[in-house]
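Welcome, and thank you for taking a look at this structure. Let us walk through it together, one place at a time.

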Amino acid sequence: MHAVTGEPGLRERKKQRTRTAISDAAITLFLRHGFTRVSVAQVAAAAEVSKRTLFAYFPTKEDLVTHRLADHEDEAARVVRARPAGTSPLAALRAHFLAGLRDRDPITGLSTDPQVRGLYRMILETPALMVRMEGFKSAAERALAAALRTTAELPEVTARLVAVQVIAVQWALACDNAERLARGERAEERHPAAVHDAEHAFALLEHGTGHLFTAS
């Protein structure tokens with residue numbers, strides 16, 4: 001009975017090792033040669049698996065890159081659900097993003113990790129990957145909208161519209177940071193401006209943009 005109980009855990013660990021080996025091989029090749037110049041067959045050969053096995057773990061070539069962000073799809077929703085009593089969803093999201101900038105969290109685009117910076121650059125320069133990022137953003141929007149409905153009791157349409165704006169703002173901030181680092185700016189140099197931009201962005205989310213269009 002003990003052997004049977006332990007089998008699923010062993011299988012899962014083996015599957016995870018295989019998944020990690022495929023992912024690491026893919027990212028290494030993509031960063032070295034470029035996403036479009038590397039074939040799935042080359043990734044499979046580098047990971048020492050068959051193409052069939054590779055596709056069992058990653059249904060598309062783009063998944064080999066975008067899965068690295070999968071854990072962040074529901075991050076905004078988790079922040080909203082876990083916020084302290086008396087804290088608004090927007091205040092919690094703002095504090096979380098600013099903390100991410102301080103900690104050089106990859107999702108803010110301000111990471112000091114060369115591989116993370118390379119991944120951002122590759123995503124931003126590859127149309128197919130940018131298309132896949134739209135799917136990532138849509139999933140994040142749906143998760144955040146659900147969290148806003150259940151924890152802030154917002155109407156469905158309102159929650160959806162707020163979620164779309166929040167996710168778009170966070171992605172725009174991350175892309176701007178990543179692009180500046182890709183051009184050679186150091187994270188330490190970028191940090192003050194990144195904080196300023198984030199504060200400005202969340203202020204616009206909180207107070208709206210109407211005042212920007214009033215007649216002079």
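A friendly place to begin is Ser 23, which touches Phe 58, His 67 and Arg 68 when residues up to four places away in sequence are not counted. Please keep in mind throughout that this is a predicted model. Ser 23 itself sits in helix 1, which covers residues 2–33. With a relative accessibility of 3%, Ser 23 counts as buried.

Phe 58 turns up again in the surroundings of Asp 63, which touches Phe 58 and Arg 132, again not counting residues up to four places away in sequence. You can find Asp 63 in helix 4, made of residues 63–66. Is Asp 63 buried or exposed? Its relative accessibility is 14%, so Asp 63 counts as buried, because anything under 20% is put in that class.

While you are in this stretch of the sequence, have a look at Lys 61. It lies over the face of Phe 35, at 4.5 Å from the ring centre.

Now for the aromatic rings. How many aromatic pairs does a search of the whole structure find? The search finds three. One of them is formed by Tyr 120 and Trp 171, and this pair is stacked, with 6.4 Å from centre to centre and 25° between the planes. The two partners belong to distant parts of the chain: Tyr 120 is in helix 7 (residues 114–125) and Trp 171 is in helix 9 (residues 156–182), 51 residues apart. Both ends of the pair can be checked for burial. Tyr 120 has a relative accessibility of 6% and therefore counts as buried. Trp 171, at 12% relative accessibility, also counts as buried.

The structure holds two cavities of 30 Å³ or more. The largest cavity contains about 260 Å³ of space. Which residues lie nearest its centre? Of the 18 residues that line the largest cavity, those are His 72, Glu 75, Ile 107, Ile 167 and Gln 170. Several helices take part: helix 5 (75–81), helix 6, helix 8 (127–152) and helix 9 each supply at least two residues of this lining. Sorted by class, the lining of the largest cavity has nine nonpolar, five polar and four charged residues.

The second largest cavity holds about 50 Å³ of space. Helix 7 gives the most, with four residues. By class, the lining of the second largest cavity divides into five nonpolar, two polar and two charged residues.

Leu 110 is our next stop. It lies in the loop between helix 6 (89–102) and helix 7. Although Leu 110 is in a loop, it is buried, with a relative accessible area of 0%. What is Leu 110 in contact with, leaving aside its neighbours within four places in sequence? Its contacts are Leu 101, Arg 104, Asp 105, Asn 177, Leu 181, Ala 187, Arg 190, His 191 and Ala 194.

Ala 194 counts as buried, at 2% relative accessibility. Leaving aside its neighbours within four places in sequence, Ala 194 is in contact with Leu 101, Leu 110 and Asn 177. Leu 101 and Asn 177 are also in the contact list of Leu 110.

Let us finish with two loop residues. Glu 48 lies between helix 2 (40–47) and helix 3 (51–57), and it is exposed, with a relative accessible area of 73%. Glu 48 has a positive phi of about 60° although it is not a glycine. Glu 153 is found in the loop between helix 8 and helix 9. Its phi is also positive, at about 55°, although Glu 153 is not a glycine. Glu 153 is exposed too, with a relative accessible area of 72%.

Key: Residues are numbered from 1 along each chain as its sequence is written. This is a predicted model: local features need pLDDT of at least 70, side-chain atom pairs count only at pLDDT 80 or more; totals for chains, interfaces and linings use all residues. Side-chain values use heavy atoms; hydrogens and water are left out. Rings of Phe, Tyr and Trp (its six-membered ring) pair if their centres lie within 6.5 Å; planes under 30 degrees apart count as stacked, over 60 as edge-to-face and the rest as tilted. Buried means under 20% relative accessible area, exposed over 50%, partly exposed in between (1.4 Å probe, protein chains only). A charge sits over a ring if NZ of Lys or CZ of Arg is within 6 Å of the ring centre and within 35 degrees of the ring normal. Contact means heavy atoms within 4.5 Å. On a 1 Å grid over the protein atoms alone, a cavity is a set of points where a 1.4 Å probe fits but cannot get out, and a pocket is an open set with protein on both sides within 12 Å along at least five of seven lines; lining residues have an atom within 4 Å of a point. Grid points are joined across faces, edges and corners, and a volume is the space filled by probe spheres set on the points. Ala, Val, Leu, Ile, Met, Phe, Trp, Tyr, Cys and Pro count as nonpolar, Asp, Glu, Lys and Arg as charged, and the others, Gly among them, as polar.
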